[in-house]
Amino acid sequence: MTQSLYTRPALGANELFYRGRRFWVIKVLDEAGFEYCKKGDYDLVVWDCREGYALGVVNILKDGKFQCFSIAPMDVGKPVFDDIRVCVKWLYDILDEVAQ
């Protein structure tokens, strides 16, 4: 039996908003929140299933766009994207750049 390289988080009462091969986006609905994100603080948490941690959080704006907040240790702005997949890629790229 082969062990998976990916760790899937326990969602609790939260909802899977987007599921990619490596990255999941979790909609925070549970009163207990998800990871460090409390319900009401942010709408979504971007989870790296390979590394087993949250890359960042996202708010869904009134116009349906996605505003991203990275966990990077520096100010990288709060960009807005039309597509959640572009938002996930931006979050990954920021942390990858910091790690260099």
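Leaving aside its neighbours within four places in sequence, which residues is D30 in contact with? Keep that in mind while you get set up. One thing to know before you click: this is a predicted model.

**Stop 1: D30**

Select D30, which is found in the loop between strand 2 and strand 3. Now show its surroundings. Setting aside neighbours within four places in sequence, D30 is in contact with G12, A13, N14 and K39. D30 is a charged residue that is buried, yet it has no salt bridge. Try the distance tool here: the nearest side chain of opposite charge belongs to K39, and it is 7.8 Å away.

**Stop 2: K39 and E31**

What do the side chains of K39 and E31 meet in? They meet in a salt bridge, with N to O at 2.9 Å. Colour by accessibility if your viewer can do that. K39 is partly exposed, with a relative accessible area of 40%, whereas E31 is exposed, at 66%.

**Stop 3: the salt-bridge network**

How many salt bridges does the count come to? The count is seven. For another one, select E51 and R22, whose side chains meet in a salt bridge of 3.8 Å, N to O. Trace the chain from one partner to the other: E51 sits in the loop between strand 3 and strand 4 (53–60), while R22 sits in the loop between strand 1 (15–19) and strand 2. The two are 29 residues apart, so this pair links distant parts of the chain. Is R22 buried or exposed? R22 counts as buried, at 14% relative accessibility, while E51 is partly exposed, at 40%.

Next, show D83 and R85. D83 forms a salt bridge with R85, and the closest N and O atoms are 2.7 Å apart. D83 counts as partly exposed, at 23% relative accessibility.

**Stop 4: around D83**

Where is D83 found? D83 is in the loop between strand 6 (80–81) and helix 1. D83 and K65 are 18 residues apart in sequence, and their C-alpha atoms are 7.2 Å apart in space.

**Stop 5: aromatic pairs**

Time for some rings. A search of the whole structure finds five aromatic pairs. Start with F23 and Y92, which form a tilted pair: the centres are 5.7 Å apart and the planes are at 55 degrees to each other. Why does this pair tie together parts of the chain that are 69 residues apart in sequence? F23 lies in strand 2 (residues 23–27) and Y92 lies in helix 1 (residues 84–99), so the pair joins those two elements. F23 is buried, with a relative accessible area of 15%, whereas Y92 counts as partly exposed, at 27%.

Now select F34 and W47. Their pair is edge-to-face, with 5.7 Å from centre to centre and 75 degrees between the planes. F34 is in the loop between strand 2 and strand 3 (44–48), and W47 is in strand 3, so the pair ties together parts that are 13 residues apart in sequence. F34 is buried, with a relative accessible area of 4%, and W47 is buried too, at 5%.

**Stop 6: a patch on the surface**

What do Y36, Y53 and I71 form? They form a nonpolar patch on the surface, with about 290 Å² of accessible area together. Y36 is in the loop between strand 2 and strand 3, and at 47% relative accessibility Y36 counts as partly exposed.

**Last stop: G20**

Finish by selecting G20, in the loop between strand 1 and strand 2. G20 is buried, with a relative accessible area of 17%. For one more distance, pick the C-alpha atoms of G20 and L91: these residues are 71 residues apart along the chain, and the atoms are separated by 14 Å.

Methods
Residues numbered from 1 in each chain as written. Predicted model: local features only at pLDDT ≥ 70, side-chain atom pairs only at ≥ 80, totals over all residues. Heavy atoms only, no water. Phe/Tyr/Trp six-rings, centres within 6.5 Å; stacked < 30°, edge-to-face > 60°. Helix = DSSP H or I, 4+ residues; strand = E, 2+ residues; numbered from the N terminus. Buried < 20%, exposed > 50% of the residue type's maximum accessible area, 1.4 Å probe, protein only. Lys, Arg positive; Asp, Glu negative; His and termini not counted. Salt bridge = Lys/Arg side-chain N within 4 Å of Asp/Glu carboxyl O. Contact = heavy atoms within 4.5 Å. Patch = residues over 30% accessible without salt bridge, like charges linked within 9 Å, V, L, I, M, F, W, Y side chains within 5 Å. Areas by Shrake-Rupley, 256 points an atom, 1.4 Å probe, with all protein chains shown as cover.
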